Amino acid sequence: MATRNPEINRFNKKAAFFVALAMFAQESVWNFYDAQVPASLRQYISSAAVIGLLMGVDNLLGIFVQPWMAHMSDQHKVKGGNRFRFLLIGAPVAAVLFALIPWAVSFEMLLVAMIGFAFVANGFKSIAESLTADYQAPNHRSKGNAVARIGVALTILASAAISFIVVDKDLRLAFFIPAVLLVIGMYIACRGLSSQVAHSPVQDADDHAQLNLKELVLDVFTSPDKRRLLVLLAVFGANGTWTAIRSQLTPYVMEVLDLSRGTAGSIGFPAGIAFLVAAIPVAIIADRTSRAVVCMLGMIVVALGCVAVFFATSTVQVAAAMALVAVGWAAFAINAVAILWSIVPNQRYLGTYTGMYWTAAAIGQTLMPAFLGLLVDLTAWRYMMLHAAVLSCLSALLMLKVVRGSAPRPREQVEGA
C-alpha cells in the first residue's frame with residue numbers, strides 16, 4: 001500500500017525559474033544602489049566614514065522592517081491570500097523612489113529618496129525570499145534556493161554592465177533601467193507563479209491558532225530546541241564575515257601585494273564565477289545528505305580559503321584562494337535558510353522565519369565589517385584574512401552544534417501553534 005507523502009515531491013522547475021526572476025528583479029536595484037549611491041553621496045559628503053554609515057541605513061531598516069512585513073504576508077497567506085499583493089504593490093513604489101535618487105538636487109532630497117527606497121524595498125525583500133519555501137517541497141528547497149541565488153548573482157553582471165555603458169552618459173537613465181527591471185521582472189514572476197501549485201505542508205490540528213511576531217521571536221530564544229537560535233547566530237557570523245571580507249578585500253590586496261586600485265578591485269571576479277559553478281552541486285549534495293553538515297563544511301572551506309589568501313604571494317594565488325572561499329560561502333548561503341525552513345515548528349510562518357534569517361544577516365553585515373576593521377587596526381592589514389578565518393570557524397562551530405542537536409519531539413510546537 002503506497003501512502004502519499006506530501007513532503008516528497010518533484011522539483012518544480014518552473015517555480016524555481018520564476019522565483020529566480022523575482023530575485024533578479026529585486027536585487028538588480030539593490031546591487032546598483034550599492035554601486036552608485038556612494039558616488040552620489042560624495043557630492044555632498046567628503047567623509048568616507050559618514051558615507052559608509054549612511055550606506056548602512058538600509059541594513060538598519062531591514063532589521064525592523066523585514067520580519068514585520070514578512071509576518072504580515074504570512075497572516076495574509078493564512079487567510080487564503082498569497083504574497084503577491086505585497087510584491088506587486090511594493091515593487092512599483094520602490095522603483096519610483098529608486099529612480100528619484102539621481103534627480104535629487106540637495107542632500108536632504110537625496111537622503112529622503114534613499115531612506116524611502118530602503119524602507120519600501122526592505123518591506124518586500126524577505127517576502128520574495130520566502131517564495132522558494134512556498135513553491136518547493138522541503139526535500140528540494142536547497143536546490144530551489146540555489147537557482148534563486150544564481151538569479152541574485154547575475155544582477156552583479158547586470159549592474160556592472162549598466163554602470164559601464166550608461167552611467168557616464170546619462171545617470172538618470174542608468175537608475176531608471178534597474179527600476180524598470182524591478183517592476184517588469186516582479187510582475188512576470190508573480191504572474192508565472194500564480195499558475196503554479198504552491199506546496200502545502202501537512203496541517204496540524206492546532207493550526208487555527210494565530211501567533212504574533214513577538215511570540216514567534218521569543219520562542220526562538222526560549223524553546224528547548226535551540227537549533228533555530230544556533231542557525232540564526234551562525235547566519236549572523238557567516239554573512240557578516242563574508243560581507244567583511246568582500247568590503248575589505250580591495251584595500252587588503254592593495255596594502256599586502258601593492259597592487260593598483262583597479263587590479264585589486266577586479267581580483268574577486270573568479271570568486272563570482274566559482275559561486276555560480278558551485279551553487280547547484282552544493283544544493284544537490286545537501287538535499288541528499290545533510291544541509292547542516294554541508295553548511296558546517298562550507299564555513300571550514302571559507303576558513304581554509306582565508307588562510308590560503310594569507311599565504312598567497314601573487315595576484316593569481318589570491319584569486320584562486322578567493323574562489324575557494326566563494327565555494328565554501330555558496331555551501332553555507334544556499335543551504336542555511338533551507339535548514340531554518342525545515343526546523344520551524346509551524347510551516348505557516350515560513351515568511352516570518354525568513355524575515356528573522358535576513359534580520360540576523362543584516363545585523364552581521366552591519367557589525368562584522370567594522371569589527372574586522374578594528375582587528376586590522378589592532379594588528380595589521382597582513383593579518384586580516386587570518387582574523388576572517390577565525391570568525392569563519394566560529395560559524396562552523398555553531399553549525400556543528402546544529403548537527404549534533406536533537407530534533408524536537410513530534411508534537412513539540414510553538415505554544416499555541
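## Close-up views of a predicted helical model

Of the 417 residues in the protein chain, 53% are buried, where buried means under 20% relative accessible area, exposed means over 50% and partly exposed lies in between (1.4 Å probe, protein chains only). This is a predicted model, in which local features need pLDDT of at least 70 and side-chain atom pairs count only at pLDDT 80 or more, while totals for chains, interfaces and linings use all residues. Residues are numbered from 1 along each chain as its sequence is written, and side-chain values use heavy atoms, with hydrogens and water left out.

View 1. Helices (H or I, at least four residues) and strands (E, at least two) are DSSP runs, numbered from the N terminus. Take contacts between residues at least 6 apart in sequence: 84% of them join residues at least 24 apart, with contact meaning heavy atoms within 4.5 Å. The chain exposes about 18,900 Å², and carbon and sulfur atoms supply 67% of that area; accessible areas come from the Shrake-Rupley method with a 1.4 Å probe, and for residues only the protein chains shown count as cover.

**View 2. Ser 126 sits in helix α5, which spans residues 107-129.** Ser 126 counts as buried because its relative accessibility is 1%. Once neighbours within four places in sequence are set aside, its contacts are Gln 66, Ala 70, Thr 354, Gly 355 and Trp 358.

**View 3. One cavity of 30 Å³ or more turns up in a search of the whole structure.** On a 1 Å grid over the protein atoms alone, a cavity is a set of points where a 1.4 Å probe fits but cannot get out, and lining residues have an atom within 4 Å of a point. Grid points are joined across faces, edges and corners, and a volume is the space filled by probe spheres set on the points. The largest cavity has a volume of about 40 Å³. Its lining consists of Glu 129, Asn 145, Arg 149, Ala 333, Val 337, Trp 341, Thr 354, Tyr 357 and Trp 358. Two or more lining residues come from each of α7 (141-167), α14 (315-343) and α15 (350-378).

**View 4. Ser 142 belongs to helix α7.** With a relative accessible area of 0%, Ser 142 is buried. Leaving out residues up to four places away in sequence, Ser 142 touches Ala 283, Ala 286, Asp 287, Arg 291, Ile 334, Asn 335 and Ala 338. Ser 142 and Ala 336 are 194 residues apart in sequence, yet their C-alpha atoms are 8.5 Å apart in space. Two of the residues touching Ser 142, Asp 287 and Arg 291, form a salt bridge whose closest N and O atoms are 2.8 Å apart. A salt bridge here is a side-chain nitrogen of Lys or Arg within 4 Å of a carboxyl oxygen of Asp or Glu. Arg 291 counts as buried because its relative accessibility is 14%.

**View 5. Arg 228 and Asp 219 meet through their side chains in a salt bridge (2.7 Å, N to O).** Arg 228 is buried at 2% relative accessibility, and Asp 219 is buried at 12%. Asp 225 and Arg 227 form a salt bridge as well (2.9 Å, N to O), and both of these residues are buried. The structure holds four salt bridges.

Terms used
1 Å grid on protein atoms, 1.4 Å probe; cavity = no way out; pocket = protein on both sides within 12 Å on 5 of 7 lines; lining within 4 Å.
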